[in-house]
Every structure is written in C-alpha cells, then in structure tokens.
Amino acid sequence: MTAIAVDNLVKEFGDKRAVNGVSFTTGDAELLVLVGPSGCGKTTTLRMLAGLEPVSSGTIRFGDRPVTDVRPRDRSIAMVFQDYAVFPHLTVFENIAYGLRSRRTPRAEVKEKVPEAARTFRIDHLLDRKPRQLSGGERQRIALSRSMVRDAELYLYDEPLSNLDAQLRHTAREDILTLHRRKERPTIYVTHDQSEAMALGDRIAVMDAGRIQQIGTGEELYERPVNRFVAFFIGTPSINLFEMELQDVDGDMVASGCGLELRLPDSIGHRVRPYAGRKIELGVRPEHLHVPRMAPFDVTEDNTIHGVVTVIEPSATGSTVYLTTTEDEPQDFTATFKVRMPASYLDKEVPLGIDLEKVHLFDAETGDSLL
Ligand code: ATP
C-alpha cells in the first residue's frame, strides 16, 4: 500500500527554485531518507510535507487523503528537528507529554505513555530534571520520546543527529530504528550524511539542485548509480573519476587518458560500443584498486594504474591510501585495502590493478551513466 505520494512538488522563493519537481511514493512502513548536499532542497521538501511551507505547485497525499492544502496540525505528523525543540522551563516529563497535552489526551494515558517512552530511550530516571541538566544525547532522546508517545500518520526527521558526537550518533540511529519499528509508519528522514542515509534508509533518495537524482536501496545507488553525481556522493572515500576517451581498437573497447590505456571487458565493452570516439569519465571505487599480488584477477598492462603514494591512513579494517599519477598533469586518486600498507611505501611508485568488471562509465558532458 502506498502511504505517502508526492507528485511534482515545486517550491519557489522569489525567482529561486529550491525544489524543482520532486516526486516519490513510500510504502506504509517505509523509512525513506532524503540525502544531498547543503542547499539541495531536502529541508524545504520536508517542510512542505509537514505543511510548514506552502507548495508553489504539486500535490501531497497521505494514503487516500489529499493534504496539500491541509493545515499542519490537521496532518497527523510527528517531527523531530536538529535542535530537538525542547522547552527549557519544562521538566523532561512535561516536555515528552507536551504533544499529548496539547491534544487534550486523558491524564491517565499521559501518565502511562510518558514513562514508557522514556524507558524505551533510557531517560526514565531523568523525568523530573530540566533539559539544561542533561547532555545533548539525553536532550535528543526527549525529542524521540515525544514522537514515541504520539500516534501520527507520518514521522519526519530533519537532521536530528547532527549535534551529537560520532559515538552517540550510532546509539541514536539505533533508537530511531527502534521507534520506527514500533510505529510501523512511513518515515521521511533528512540528512546530508550519506553514511547515515545508508545505515537508516529502507530506500534513499539522492537530491541535488532541487531534484531527486535517484531513488533506491543503498546497494542499488552504490552499485548502479544513474549519474556521476550519485556515484560521487554515495560511498566513502568517494569514487575516483578519470577523464578519458573511448576507442574501438580492433573490436575491443579501450578507454584511454590520464596516462591509462584500459581494455574494457566484454561485459562492459559491448554496452558502450556506440560511444566509441566520445569523451567519458571512468569511475573506479577505491576498493576496486588492488595490489597486484593480492588482486582477485590477473593484473596486466591493460588494467594497471601507476601512482606515487602520498599518504597512508591506517583504518580499523585496513588502510586508505592516497596516490598521485605520474603523468604531466598528475591526478590524485584513492585506494582502500583490507590490509595495512607499510609506511615504507610512502613516496614510492606502485602499480595497482583496476577491477575493470566493476568500473562505471559516465558521459563526460551530461554525467549520465553509460551502463
Ligand atoms: P541544508 O542541508 O543546508 O539544510 P537543504 O538541502 O535542506 O540544505 P533547503 O534548506 O531546502 O536545503 O534550501 C534549498 C534552497 O532554498 C537553498 O538555496 C536555500 O537558500 C533556499 N531557501 C530555503 N528557505 C528559503 C527561504 N525561506 N527564503 C529564500 N530561500 C530559501
């Protein structure tokens, strides 16, 4: 069943189009993440869903109910903001109870629901305190508890974790998933952080310049990005992009440029044959570069890139290595390995094998994927 349906939503501020034709639908218990860089229109989209911002054009439906022109308080929405919106003069209990009381919920129900929600988010021992006596993480859990006690049709989150440190953010993600699973309602979650999007979203909508570029599961976006923007935005470290030209050499498709001459495997070659002679960008994810003796394929001159190691960054699971090509116009690129690269490689030139079965090809002009 479709729970939320947004059709061709547009928002103009003067002559600026902040949201430029956004459409999507969600399942009735789906958590959809809107992710994109600052200014791409995520918050404006969310505010239109909440009714806090009138639409310029387009429609919004909750189930069968058109709500485009319905007042915010009549939309049945629970929303968690970045700044938690806690009232400093009220106790934790009163803060959590606020939404219930403003809806004239019976006292007995408030007394039952508030401690129950507080228990879920581990702040039930703090109910008599004022927010200033709490940590950022605890304040954030007040906002989650407040959503928990409400029975809303739609749950909206606007960067609720950006004021928390990395450790707390992980716990809070779990809390948000707990809330979502308990409620089983459509949820829209806005963030600029792609790793948060990957961790939380059933599906993710990647936005840029007021438009949804692609919507899909994290895996779909990572493995089959529709354009260069999505490929670059999803994944850390970001995908490496090389400006090249495609050529048909005796029936084989070869990508050349940046000092590379790469013979594409048939699986990719036959799909890009119509683009022979065209300028492209070749995308290689950092984990698809391999030290030759550890590569899961034969490393030959047809799939090798040479680079000078400039930085070796040990990580929990291996290392991230920054390199520069040795061409006249050197280009930086990044590789990630599951093993620690010894420091003795610093400033040395190394060959790395490119897993050509896994590369992405984009039209240099439009950025659209050719695969
Ligand atoms: P961020 O992650 O920085 O919050 P965002 O993707 O949520 O960014 P929006 O806040 O939706 O982006 O803003 C989209 C564009 O609309 C921006 O260029 C912003 O400056 C502009 N904008 C947002 N609100 C208004 C407003 N009330 N008046 C004029 N322009 C606005």
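The protein chain holds 9 helices and 20 strands, where helices (H or I, at least four residues) and strands (E, at least two) are DSSP runs numbered from the N terminus. Please keep in mind that this is a predicted model, in which local features need pLDDT of at least 70 and side-chain atom pairs count only at pLDDT 80 or more, while totals for chains, interfaces and linings use all residues. Residues are numbered from 1 along each chain as its sequence is written.

The domain assignment gives domain 1 (2-224) and domain 2 (240-363), with bounds that come from an automatic or database domain assignment, and the C-alpha centres of the two lie 40 Å apart. Along its principal axes, the C-alpha trace of the chain spans about 80 × 50 × 35 Å.

Let me turn to helix 1. Helix 1 (residues 42-50) is largely enclosed by the rest of the structure, because 8 of its 9 residues are buried, meaning that 20 or more other C-beta atoms, placed from the backbone, lie within 10 Å of the residue's own. Among them are Lys42, Thr43 and Thr44, and just after the helix Gly51 takes a positive phi of about 85 degrees.

Which residues lie around the ligand? They are Phe13, Lys16, Ala18, Gly36, Ser38, Gly39, Cys40, Gly41, Lys42, Thr43, Thr44 and His192, counted when the C-beta atom, placed from the backbone, lies within 6 Å of the molecule. Strand 2 (16-27) and helix 1 are the elements that give two or more residues to this shell, and helix 1 gives the most, with 3 residues.

Terms used. A residue is buried if 20 or more other C-beta atoms lie within 10 Å of its own, exposed if 12 or fewer, and partly exposed in between; C-beta atoms are placed from the backbone.
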